[in-house]
Amino acid sequence: MPRPASEAEYLASLLPPSVAAGVGRRGFLKGALGTGAALTMPALLAACGGDDEGGGGGGGGGGKPTGTVTFGSNEAGGDVPQQRRDALVAAYEKSSGLKVKVNAVDHNTFQENINNYLQGNPDDVFAWFAGFRMQFFAERGLIGDVSDLWPIDGMGDAFKKASTGADGKQYFVPDSNYPWVVLYRKSLWDERGYTAPTTYDEMITLAKQMQSDGLNPFAFADKQGWPAMGTFDILNMRLNGYDFHVNLMAGEEAWDSAEVKTVFETWRELLPYHQENALGRDWEEAAQGVVNNESGMYYLGLFMFEQFPEDEREDVDFFNFPEIDSAIGADAIDAPIDGYCMSADPENEDGAKDFLSYLGSPDAAAAANEAGFPLIWANSNADVSGLQPIQQKAAEFIAEQTSIAQFLDRDTRPDFASTVMIPALQQFIKNPDDVDGLTSSIEEQKKSIFV
Amino acid sequence: MTTSAPPVVPAPDAPKRTAKRPTQIGRLSRSDRISVFLMVAVPTAFVVWLVVLPGILSVVLSFTRWEGIGGIDTIEWIGTENYKNIFTIYPPFDPAIQHNLIWLVVQFLIPTPLGIFLAVLLDKELRGSRFYQSAFFYTVILSLALVGFMWQLIYSPDQGLLNEITGGSTDWYGDPDVNLWAVLVATCWKQTGYVMLLYLAGLKAVDPSLREAAKVDGASEAQTFFRVVFPVMRPINIIVLVIIFIESLRAFDIVWVVNKGRNGLELISTLVTSNIIGEASRIGFGSALATIMLAISSIFVAIYLRITMHEERNR
C-alpha cells in the first residue's frame, strides 16, 4: 500500500537521505488510513510525525492536505482577540476538513518563552511578529520557509518586505497591524474646542491649554517596560528620520550620538506634560484616564481604543504625532505587524501551509470579523465594512505613510531591547536630567551585545 | 550559669549516640547494607545530576557568549568579559547588590526578633495560644507571589487601603524610593511566622528543669531567657540565621510579581532571570550573574559549615 512509486521517488528526491527513510512510513500510513480515516487518527499521525518532518511538504504532495495542524496562539485572555481566533479556527476547520489543535498561551508568556518554545516541540503554525524579531529566529533555522505562499493576493510590497528574512525568503504571513498614534476622546475635544496639532509647537500649546483646563495632557505609563519605547521611537523618527531609526536599531549608529541625545532632550521637554509616576502604572490604567476624561490624549497603539466601553468606541479618534523638524516630516510611524509563522520542522507541513494561506486570506478576515473588532487586516481585500470608523481611518492612515517601522523591541535584538532598553528608558523617566550618562551607558552595553 | 548551660542538654544523649552507632551498623545484614547503599547512592546521584552538575555548567557558561539557540558549537568563549561587563557597564547590578544587602539586614533586624518575641509569648501557653499560633503561621503557607498580590490591594495608589486611610497618594509599588521598603514590609509580615514557628519548636525542646534551676537561683524572667534559654537554642539560632541568609539571597517571587524586578526593585535573582529566561537569552551573561550569586551564598554556607563542624568537634 505504499503510495505510487513515481510520487514516492519524487518526494524522496526532495529530501536528504537521512530523512527520506521516513517517507515510506508516512506514505504507508496515509495509504492505509485513507484521507477520511486520517481525520479520526490525528494522534497516530502526529506520533509518527517526529521523524518525517518535511516528508509531505516540498512538492505539495498528493493534493489536499489532511490531518491535524497544531496552532500555537498567543491569545488566551478569553477576550475579543481570542474570540476572533476561535472564529477563524472554526471557519477553517469547516471549509478545509482539517482539524486545528489550538495551544493557547497568554501574550507575554508566549513571548518570553519563544526561545524554548521554538527549540522544543513547537506547533506547526504559531503566532509571531514581522521584522527583525522574525528574521532573528529565521536566521537561526527555527522558522520554516513559506516562500511558496507568496505573493499573497491583497498584500503589497511593504508586507512582503516585512515578511522576508535576511536570506530573501519569506518566513511570515501577516495577519493584521495597527498604527501608533495619538488617541483622544472626540466629545471631550469638541466640548473644549481642541484641534489636532500638526506641529510640535501647536502640540505644546495644546498641552499647556489642557493643563490650564485641569486636564493631564498626555496619559503615560511604563510599568510594563515597552510603552515608553513607542515614545522614544516616534521622537527619534520625527527628529532623525526613519533611516536613522533602522540603523540605530541595527546597532550601526551610536547611542551616545548627538542625534539620540536630542531625542532624549526633546522628550525631557515633553515629560512635564506627561502623567507622573508612570513607572508604577500599566498602560491599561493610563488608558482609563482617557476614558474618564482625566487625560487629554494618549500616544499608544491603536489597540488602546478597545479600553473604551463598546458603545463609546465611536467617540475615539486619533491624529498622527506631529512634525518636529520640517526637513524630516511626519510620514514615518510605528505600525507593528502581527501574523503567523510555520515552525522549522512542522509535523504536518501541507496542513500548516494550507492553514497559513487561509490565515492570510480575506476569508479569514471575514470569519473573524463576525466575532468582534479586529485591528486592521493586513490583506487589503478583506471586508472592512463592519469595522469601526477609527479602524477604517487607521487603515487609510497606514497606507498614506512612506515609511513604516515595526517597533523598538521588534526592530532590534531581543536581548538588547529587554535587558538594556527597558531599564534605560525607565531610568530616563526616573531621572531625565542625566542624558549624557544614560546614552553612554546604553552605547557601552550595546557594544557588548552587538558583537 | 552561662558557661555551664550549653553542655547540659547535649550531654546526656551525646555519649549514648556514639556508643550505639557502630554496633548498629555492624549488625546490618547483607541485604540491609545494599539497601542502605542504595538509599545513599540514589539521592546522591540525583543531587549530582540535578544540582552539582548544572551548577558547574553554569559556572562554565559564565565564561561564554551564547544566545541559547543551537548546539554547543554556537557557544563562544569570551573569558571573563561577562564579569567585566557586569561590574563596569551594567547599571542594574549595583542597585541589585545593594537591595539584596538591605533585604538581608532588614530580614535580620525585623522578622527575627519579632518572631522570637511571638514564640516566647506563645510558649507561655496563654489562652488561645493555639489559635494565635495558626494565625501567625498562616502567612508562611501563602506563596510570596500571592503575598505580593494581597499587598497590592493595600498599596494600590488609587484604590489601596493605605492611601485610602492616610489620604496620601504615594505609589507604593511604583515609586522607586519606597517600593523596596513596601515589598520588605510584605516579606517581613510573611517571614515572622516562619521564624516564630522555628523558635517555638526550639522553646518546646528546652529542658524545663533549666528554667526551674534558673528560677531557684533567683534569675528574673528576662535573665532566664537571655542567659539560659536563648544560648541553649543555639542550633535553632543557626538554622534561622542560615534561612535568613538564603531567603534574602534568593528573594525573587514577590519582586517579580510586582514589576519583574525593575525600577527600584532590582535583585540579583531577577537580573539572572531577565537575562536568561525570556526572549533575551543572554545565557553567558546571566550565568555570570548567577555565578556571582553562587559565590556570595557560598560564603555564608562556608561560615555555617564552619560553625556546625566546630560544634560537632566540641561535642
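Q: Leaving aside its neighbours within four places in sequence, which residues is B:F245 in contact with?

A: First the ground rules: this is a predicted model, where local features need pLDDT of at least 70, side-chain atom pairs count only at pLDDT 80 or more, and totals for chains, interfaces and linings use all residues. Residues are numbered from 1 along each chain as its sequence is written, while chains are lettered from A and ligands numbered from 1 in the order in which they are written. A contact means two C-beta atoms, placed from the backbone, within 7 Å. For B:F245, setting aside neighbours within four places in sequence, the partners are B:L104 and B:F300. B:F300 is 55 residues apart from B:F245 along the chain, yet their C-alpha atoms are separated by 7.2 Å.

Q: Where is the place of B:F245, and why does B:F245 count as buried?

A: Helices are DSSP runs of H or I with at least four residues, strands are E runs of at least two, and both are numbered from the N terminus. B:F245 sits in helix α13 of chain B, residues 234-249. For burial, count other C-beta atoms (placed from the backbone) within 10 Å: 20 or more is buried, 12 or fewer exposed, in between partly exposed. B:F245 counts as buried because it has 20 C-beta neighbours inside 10 Å.

Q: And how many helices and strands does chain B have?

A: Chain B comes to 16 helices and two strands. Of its 315 residues, 31% count as buried. Among chain B contacts with a separation of 6 or more, 67% link residues 24 or more positions apart.

Q: Which residues touch the most other members of the largest nonpolar core?

A: In soluble globular proteins, nonpolar side chains tend to be buried together. A nonpolar core here is a set of buried Ala, Val, Leu, Ile, Met, Phe, Trp, Tyr and Cys residues joined through C-beta atoms within 7 Å. In the largest one, with 116 residues, A:M134, A:L183 and A:Y298 touch the most other members. The biggest giver is α19(A), with nine residues. Residues up to four places away aside, the contacts of A:Y298 include A:L183, A:F218 and A:M304.

Q: How many residues of chain A are in contact with chain B?

A: An interface is read from contacts across chains: 27 residues of chain A meet 27 residues of chain B. On the chain A side, α19(A) gives the most, with nine residues.
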